[in-house]
Amino acid sequence: MDGSSLQFRSLAWNANLTAERGGGAAVVAVPDSQLNGSYATFKVWRIDETTFNFRVFNQQFISVWRNGAVLATAATPGPAETFQIVRNAGDKNRVRIRAPNGRFLQVKRDHSVTADHGESTSWGDDDPSVFAMTNVGDMHGEFQICNGYGTGKAAAVLRNHWNTFIVEEDFEFIASNGLNAVRIPVGWWIASDPNPPAPYVGGSLDALDKAFKWAEKYKLGVIIDLHAAPGSQNGYEHSASRDGSQEWGTTDASIALTVQVIDFLASRYAASPSLLAMGLMNEPMAPGVTLDSLVRYYRAGYAAVRRHTPRAYVVMSSRLAGGSDELPRFAGIGGLPGAVIDVHYYVFNSSFTNLTAQQNIDFIKTNYAADLRGLTRQNGPLSFVGEWVAVWNVPNATKAEYQRLAQVQMEVYGQATFGWAYWTLKNVNNYWSLEWMIKNGYISLKH
């Protein structure tokens with residue numbers, strides 16, 4: 001799939017294919033004693049089931065020159081950067097790599113790598129064109145679904161998902177259990193529906209239209225959250241990154257296109273009584289997204305919303321790794337009427353690994369509570385805990401401990417002046433599913 005992280009070990013020389021200096025130079029074979037794992041990892045761009053481009057740590061693509069030299073110097077992929085992975089019939093992780101010139105990559109005695117090995121092979125460990133392939137990571141976002149399945153099958157898969165995963169009965173359940181709004185993530189290509197740019201498929205706009213109809217019926221507010229911006233604002237699969245790269249905001253064009261998406265959505269839903277807020281961007285990541293480019297975008301996005309509605313709130317997510325209080329301090333954001341600062345509070349990541357149940361509770365009541373108070377300023381933007389979940393790293397926690405984890409978070413995050421949103425309504429993992437938590441007595445929102 002797009003974004004899969006592959007490593008290749010030469011069986012003949014017991015050395016790993018590596019981009020020298022992480023890219024911008026030759027591809028060589030390096031023994032374990034000298035190995036830099038990041039430089040020996042290649043992200044794939046899928047062309048079809050067996051054909052790929054390989055991207056290296058510094059973002060260049062591997063290519064083959066006329067003399068058979070293998071380099072990681074190309075800024076963009078083309079025919080010279082297109083390779084085929086040929087798998088052994090009896091061992092799918094024993095592979096050969098066919099280069100654009102029709103020959104196979106091989107490792108030489110001096111650990112140089114060339115694309116000049118012939119077709120014949122015994123697939124033995126002594127063949128310098130045979131590699132052991134290891135997949136050290138996959139991505140599972142909408143880009144991977146669409147490009148992996150192809151347009152026809154992806155359209156059918158996603159249409160079935162949109163028609164069955166969240167239905168009208170879910171909105172009725174939300175409204176009857178003490179909630180008053182839904183936060184709906186969308187991708188930037190929704191503005192081009194029903195014919196979005198490749199590899200995406202149409203249908204998400206119709207799903208959002210249905211959500212608004214149901215929200216209006218059950219008197220629920222809708223927060224439209226731009227979860228995936230052009231080029232990806234954080235490199236995560238949920239922002240539709242192709243390979244983990246983060247490229248949003250590096251050009252004025254990506255910012256302008258994102259403003260156009262916000263303008264489209266605000267225009268389409270401004271007349272709906274259920275439009276509660278427009279979320280301009282989910283979880284931009286510092287330092288790849290600079291504060292300057294983000295605030296420039298937020299000002300333009302805010303203006304786009306205001307062209308269509310004076311009443312909808314405008315939600316602005318603080319940067320991951322940037323500090324939750326940086327936006328209110330930045331000139332021009334704090335004084336915008338209806339502005340909301342969005343922060344996400346979780347206790348399941350690695351920094352919480354060794355904490356006890358009580359230590360997690362104390363961190364929420366002390367650290368997250370103080371952080372939230374710091375966002376709340378007189379005549380400033382509203383505060384919103386846009387994501388939280390009753391999930392932690394405490395092993396063998398009891399139901400009572402999970403109930404307390406959820407209750408303490410609701411008490412603390414309830415101090416946010418714009419409220420909170422649980423991530424997410426439905427999930428195959430029980431504690432991530434607010435529906436499951438409510439139905440099984442872990443969370444109660446009725447008073």
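Mentor: With how elements are named: helices and strands are DSSP runs, numbered from the N terminus. Keep in mind that this is a predicted model. With that naming, helix α1 is followed by G150, whose phi is positive, near 90 degrees.

Trainee: Which residues of α1 are buried, and what do they pack against?

Mentor: F143, Q144, C146 and G148 are the buried ones in α1. Their packing partners are β4 (42-46) and α2.

Trainee: How is the packing of two helices described?

Mentor: In general, one gives the angle between the two axes and the distance between them. Here, the axes of α1 (residues 142-149) and α2 (residues 151-164) come within 6 Å and cross at roughly 135 degrees.

Trainee: In helix α3, which residues are buried, and why are they on the same side?

Mentor: The general idea is that an α-helix has 3.6 residues a turn, so residues three or four places apart point the same way. In α3 (residues 168-176), the buried residues are D170, F171, F173 and I174. They cover an arc of only 160 degrees around the axis, which puts them on the same side of α3. Their cover includes β13, α4 (204-217) and α10 (434-439). After α3 comes G178, with a positive phi near 85 degrees.

Trainee: Next, sheets. What is the strand order in the open sheet of seven strands?

Mentor: Strands of a sheet pair through backbone hydrogen bonds, either parallel or antiparallel. In this sheet the order is β13-β14-β15-β16-β17-β18-β19, and the pairing is parallel. The edges are β13 (181-187) and β19 (420-422); each has a single partner strand, so one side of each is left without a neighbour in the sheet. On average, neighbouring strands of this sheet are turned by 25 degrees against each other, direction ignored.

Trainee: How many bridges join β18 to β19?

Mentor: Two bridges join β18 (residues 382-388) to β19, and the two strands run parallel. W388 stands opposite Y422 in β19.

Trainee: Which strands does helix α6 lie across?

Mentor: Helix α6 (residues 291-306) lies across β14 (221-228), β15 (275-279) and β16 (313-317), and runs at about 165 degrees to β16.

Trainee: Where does the structure have an antiparallel pair to compare with?

Mentor: Take β10 (residues 104-107) and β11: four bridges join them, and they run antiparallel. The bridge partner of Q106 is T114 in β11. The two strands form a hairpin with five residues between them. Four of the five residues of β11 (residues 113-117) are buried, so β11 is largely enclosed by the rest of the structure.

Trainee: Which backbone angles deserve a second look?

Mentor: Most residues other than glycine have a negative phi, and most peptide bonds are trans. H111, in the loop between β10 and β11, has a positive phi near 70 degrees. E283 has a positive phi near 45 degrees and lies in the loop between β15 and α6. E283 is buried, with a relative accessible area of 8%.

Trainee: And which peptide bonds are cis?

Mentor: One joins D193 and P194, with omega about 15 degrees. Another runs from A198 to P199, with omega near 5 degrees. P194 lies in the loop between β13 and α4, and P199 is found in the loop between β13 and α4 as well.

Terms used. Residues are numbered from 1 along each chain as its sequence is written. This is a predicted model: local features need pLDDT of at least 70, side-chain atom pairs count only at pLDDT 80 or more; totals for chains, interfaces and linings use all residues. Side-chain values use heavy atoms; hydrogens and water are left out. Two strands pair if DSSP finds at least two bridges between them. Axes are lines fitted to C-alpha atoms, for helices over the stretch in contact, and angles run from 0 to 180 degrees between N-to-C directions. Contact means heavy atoms within 4.5 Å. Buried means under 20% relative accessible area, exposed over 50%, partly exposed in between (1.4 Å probe, protein chains only). The arc is that of the directions from the helix axis to the C-beta atoms.
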